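Please look at the sequence and the structure below before reading on.

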Amino acid sequence: MNDCDVIVVGSGPGGATAAEVLTAAGMSVVVLEKGRNHLLSADPPYEPLRHFSNDEVAQRRHLLGPDPLLEPRTYRRGEADGDRLVVGEVNNLPSTVGGGGVHADAKLPRFREEDFLLRSSRGPVDDAEVLDWPVTYDDLEPHYAAVERLLGVAGEEANPFAAWRSGPYPMPPGDDMPMALVSSAAAERAGLHPYRAPTAVNSVPYDGRPACVDCGFCGGYGCPVHAKGDPIAALRRALLTGRCRLVPEACAIELVLDAGGRRATGVRYLDLTQHPDPPVRELRAGTAVVLAGGAFETPRLLLRNGLGGDLVGRFLTFHFQTFVVGIFGRPTGGERGRSVTHLHDDLVVDTPELRAAAAAAGLPWLRGGVVEHGAGNAPVEEATTYPTGAQHTASMSASALRRHLWVFTVQGEDLAQASNRVDLDPSVRDAWGLPAGRVTYRPHRHELVASAHAGALHEAVMLDAGADFAFTATSPPVGEATDHADINPLGLAPASRHVMGTARMGTDPATSVVSPEQRLWDVDNVLVCDSSVFVTSTGYNPTLTLASLAHRAASLLAGVDVAPVAGREASTT
């Protein structure tokens, strides 16, 4: 007997969206989540638990998980580094009900048309695997629109480079951070085109959740008042149908296949509520299994099971981040409000300046990424950056790295390379004896050239905005430090939480892991609904697109007809 129609592994934006679509279509769903539940009650009417607060210490003690001592990851730049350089925290996203959507500051830009056709529009790059996606923007537009409504996105149609839309944002933008208006004015003087960031943060009451109170703890924290459109919205609606069951502290360890090996019949998982030796339990699904553990945990599960083919884990991408930091003589107010209220996209567009920089570096083209105007250090985080002793109190009082700081963050396009991957560490294990996931990653030269161009440009903008001085840093670092792992091995790993591309979608099993419908090529009824299916990283935050892809894949599975695009004439841009 089956326990449900569909088992969903992971309760983040992809898994929650899939669960909502499937239950709305009349299917029964069980959602397995490795982490604890701090998000919403497991009993009707599934109200928010309100476990979250503006508590830096709780976050540093891994309230949202995972604890790197229990679930270590490893990192190296390449095989020349040996098995690993780092053991511990490597690009961790929350392991909790709601997944990565809980901690994010909820910037939800759409990709542009070109992002799905990068090979066709820009051409190849040596030593990189630049390919077109098997879906286009027009294919995904109705799902973008649906997810924006379901999550609740606040924004305005003011970005001159944005793709066309079939309708307006569900909510108007929220309050502007005052310093963002200053940096936006300076960006405009430099010929750039800033606009209010589309965010899944309520600017007005929406879907039974209150408006944002601008407490300053958006990025990295669960929202105390649940004003963020994190997966609480989709999960709660799925649970209210009576056709969804949420099982937290359930670590999926095995996909159970039928005798022919072509269909999944269930999932085995460790019941982590039982200590110290969690028993193995099994759930059976009559229709499908949806994997939505993220671009790190999904390939780790597939690799342990020997599924998905030789490309599982390969073509790992992050966003190559460039931070242009300005220190101001007056307080910037960056510690209050949402983490980011303004963006600009100029570095994603093909411009004469970028073409000249590419030609000078011997590259066919350059793409940077969306540029975020913001700040965000909180007091405890700031305190860790200052030396101990008598100077510590004076440094905290002056607060140069919190109240006087403003930052442009470039989420730079990261070109896919086969050598960049997630695999299983040969000897490091987690607390339950499972092989730790290992990141092997080194940026392409394209990222370094694009970052250098962005840094020089935005330092000038920051100074024009009134900064006393400005400097540029990157993640991962560039220059001499990248060649000397003994300086700070942990600092060599990319800090980006945008992890993509380890189970690519495509039309050919020889070059992809899943089909355009996001089904594994070698197991007919296993779908992947997270950012591991991304073909390119693009230069935009991934959450809206991964949720929209999950909406599309779940709609196809359930036979739901999502309204087709209305056409470019429907755009009000």
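In helix α1, the residues Pro13, Gly14, Thr17, Ala18, Val21 and Leu22 meet Thr543, Leu546, Ala547, Ala550, His551, Ala554, Ser555, Leu557 and Ala558 of helix α14, where contact means heavy atoms within 4.5 Å. Sorted by class, this contact of α1 with α14 has ten nonpolar, five polar and no charged residues; here Ala, Val, Leu, Ile, Met, Phe, Trp, Tyr, Cys and Pro count as nonpolar, Asp, Glu, Lys and Arg as charged, and the others, Gly among them, as polar.

This is a predicted model, in which local features need pLDDT of at least 70 and side-chain atom pairs count only at pLDDT 80 or more, while totals for chains, interfaces and linings use all residues. Residues are numbered from 1 along each chain as its sequence is written, and side-chain values use heavy atoms, with hydrogens and water left out.

Helices (H or I, at least four residues) and strands (E, at least two) are DSSP runs, numbered from the N terminus. The table sets out two helix pairs, with axes that are lines fitted to C-alpha atoms, for helices over the stretch in contact, and with angles that run from 0 to 180 degrees between N-to-C directions.

| Helix pair | Angle | Axis separation |
|---|---|---|
| α1 and α14 | about 30° | 8 Å |
| α1 and α7 | about 30° | 8 Å |

Angles under 35 degrees count as roughly parallel, over 145 as roughly antiparallel, 65 to 115 as roughly perpendicular and the rest as oblique. Helices α1 and α14 are therefore roughly parallel to each other, and α1 and α7 are therefore roughly parallel as well. The handedness is given for each pair: α1 passes α14 in a right-handed crossing, whereas the crossing of α1 and α7 is left-handed. A crossing is called left-handed if the near helix is turned anticlockwise from the far one by less than a right angle, and right-handed if clockwise.

Most residues other than glycine have a negative phi, and most peptide bonds are trans. Against that background, the peptide bond from Pro44 to Pro45 is cis, with omega near 5°, and Pro45 is found in the loop between β2 and α2. The bond from His275 to Pro276 is also cis, with omega near 0°, and Pro276 has its place in the loop between β8 and β9.

Phe315 is not a glycine, yet its phi is positive, near 65°; Phe315 lies in the loop between α8 and β10 and is buried, with a relative accessible area of 8%. Gln518 likewise has a positive phi, of about 70°, and sits in the loop between α13 and β17, where Gln518 is buried at a relative accessible area of 0%.

Technical notes: Buried means under 20% relative accessible area, exposed over 50%, partly exposed in between (1.4 Å probe, protein chains only).
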